[in-house]
Amino acid sequence: MKEEMDNLKQNILDTYPRLAKTDKFLFACHPGVPCFNDCCADVNIFLTPYDIIRLKNHLGISSGEFLAKYTVSPFDKKQKFPVVLLKMNDEAKKACFFVTDRGCSVYPDRPWSCRMYPLGLASPKEGTDEGADFYFLMKEDVCKGFNEKTEQSITQWLGDQGIAAYDELGRLYKEITLHDYFGKGGELSPEKMEMFHLVCYNIDKFRSFILGSSFLRKFEVDPAVIEKIKTDDVELFKFGCTWLKFSLFGEKTMKIKDDVRAARETEMKNRSTPRG
Ligand code: SF4
Ligand code: SF4
């Protein structure tokens, strides 16, 4: 799957017209289109951390339960970090679990890519000569929405779909997934893969880890942040990104408490001192 996705990305970078926010396009999707719901089946929908937070809270279940019931995590040795996809049902049509005759049953909290369609957002890697982020149109034969006469700009579409609410956490997620560490060939150990998965996708379990382990005894964390992350998933994910930068990439985004550091240094010294 990694290779497939890389090829698609390269094709988009090389051949798709790059749209600016002021560019306009003809498109509409509503229950009257002949293809209504057809796109909610047999489709790869990658979930972002914020998608999972919104969906599991919409459904009133934990992130662990959501992951187990509604997602798949394809494993590919070439993958640099774990990814999570929305699971389709096992019937012939492979429909999304959330599609109904009247449309999407989780519509107010539908995933980012369901909101964006038919728009895509490409993010060439920073520091390359491929340029800045750009929008593009995904025209698929199944979709008759392009025959509608409603014209809108990219900005209008993004506004109508409530995309701004996804921007901040999306940016933080990209700071991890597009980190230089990967660009320079860095790989994550199985333990680090697990930590990535915990922070990005299993936010309730990450909260249990932070509050239920010795973590807060070891690291300096602002008490106001500790209060927030006890109940606020978004704040917890923001904190988690700070932690991932420290634990995965060795950035100095967290500080070990002085007494813990001193105790560790003493222990190291004792270990290296030959016994007479
Ligand atoms: S989450 Fe909603 S919009 Fe997205 S594929 Fe499923 S039913 Fe369709
Ligand atoms: S295929 Fe296109 S027009 Fe049809 S329901 Fe899906 S998004 Fe709407």
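This is a short tour of a predicted model, one selection at a time.

**Stop 1: the whole chain**

Along its principal axes, the C-alpha trace spans about 85 × 45 × 35 Å. Now colour by burial. Of the 276 residues, 19% count as buried. Consider contacts between residues at least 6 apart in sequence: 71% of them join residues at least 24 apart.

**Stop 2**

Where they touch, 13 residues come from domain 1 and 15 residues from domain 2. On the domain 1 side, look for α2 (49-59) and α3 (63-70), which each supply at least two of the touching residues. By class, that side of domain 1 has 8 nonpolar, 3 polar and 2 charged residues.

**Stop 3: the largest nonpolar core**

Select I52, V199, F206, L236 and L244. These residues have the most contacts inside the largest nonpolar core, which holds 35 residues. Which elements give two or more residues to this core? They are α2, α3, α6 (164-177), α8 (190-201), α9 (203-212) and α12 (233-249). Keep your domain colours on. The core draws at least three residues from each of domain 1 and domain 2. There is a general background to this: in soluble globular proteins, nonpolar side chains tend to be buried together.

Zoom in on L236. Leave aside residues up to four places away in sequence. L236 then touches I203, F206, R207 and I229.

**Stop 4**

Select 63-70, which is α3. Which of its residues are buried? S63, F66, L67 and Y70 are. Turn the view to look down the helix axis. The buried residues of α3 fall within an arc of 105°, so they line one face of the helix. On the other side of α3, A68 and K69 are exposed. Now show what the buried residues pack against: α2, β2 (71-72), β3 (85-86), α8 and α9.

**Stop 4: ligand 1**

Centre on ligand 1. Around this ligand, select C40, I45, C96, F98, V99, C104, V106, R110, P111 and C114. Colour that shell by class. You get 9 nonpolar residues, no polar ones and 1 charged.

**Stop 5**

**Stop 6: a loop glycine**

Finish at G185. This residue is found in the loop between α7 (180-183) and α8. Is G185 buried or exposed? Count the other C-beta atoms within 10 Å: there are 7. A residue counts as exposed at 12 or fewer, so G185 is exposed. Last, draw a distance from G185 to T100. The two are 85 residues apart in sequence and 44 Å apart in space, C-alpha to C-alpha.

Note on methods
Residues numbered from 1 in each chain as written. Chains lettered and ligands numbered in written order. Predicted model: local features only at pLDDT ≥ 70, side-chain atom pairs only at ≥ 80, totals over all residues. Near = placed C-beta within 6 Å. Nonpolar A, V, L, I, M, F, W, Y, C, P; charged D, E, K, R; others polar. Contact = placed C-beta atoms within 7 Å. Helix = DSSP H or I, 4+ residues; strand = E, 2+ residues; numbered from the N terminus. Core = buried A, V, L, I, M, F, W, Y, C linked by C-beta atoms within 7 Å. Buried ≥ 20, exposed ≤ 12 C-beta atoms within 10 Å, placed from the backbone. Domains from an automatic or database assignment. Arc of directions from axis to C-beta.
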